[in-house]
Amino acid sequence: MSESIFQFDCPCCGKRIEFDVRSRKTRAVKVTEGKVKKDFDALLADQSIERKRLDGAFGQALDAQRKEKEAMDDMFNTAKKKAKADGDDQPHRPFDLD
């Protein structure tokens, strides 16, 4: 088997899946039904658990973004206060000809 081809079993239906990294194509290696058959209630319960996990991950990412925004706002306000305290000195303009 080539290093660019990966094979794994589908967690939902149990079919063998082949993924080619170079061509970015997937295909079912064994088209027959997989070993694992789940009924609708089991699939619904799995989706509920996955939804809760993803909601938690999304909430953590949202909190991290909010904290980062607050930190950036604090840094900006601190820099603005420092610029006011420095007086009327004009910043160096690198493209001005001296």
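We'll go through the secondary structure, then the surface.

Mentor: Ground rules: this is a predicted model, where local features need pLDDT of at least 70, side-chain atom pairs count only at pLDDT 80 or more, and totals for chains, interfaces and linings use all residues. Residues are numbered from 1 along each chain as its sequence is written, and side-chain values use heavy atoms, leaving out hydrogens and water.

Trainee: Which pattern does the chain follow along the sequence?
Mentor: Helices (H or I, at least four residues) and strands (E, at least two) are DSSP runs, numbered from the N terminus. Here the pattern reads β-β-β-α.

Trainee: In what order do the strands form the sheet?
Mentor: Two strands pair if DSSP finds at least two bridges between them. This open sheet is antiparallel, in the order E1-E2-E3. Strand E1 (5-9) and strand E3 (25-28) each have a single partner strand, so one side of each is left without a neighbour in the sheet. Five bridges join E1 to strand E2 (residues 16-20), and Gln-7 has Glu-18 as its bridge partner in E2.

Trainee: How much of the chain counts as buried?
Mentor: Buried means under 20% relative accessible area, with a 1.4 Å probe and protein chains only. Of the 98 residues, 5% qualify.

How values were computed
Buried < 20%, exposed > 50% of the residue type's maximum accessible area, 1.4 Å probe, protein only.
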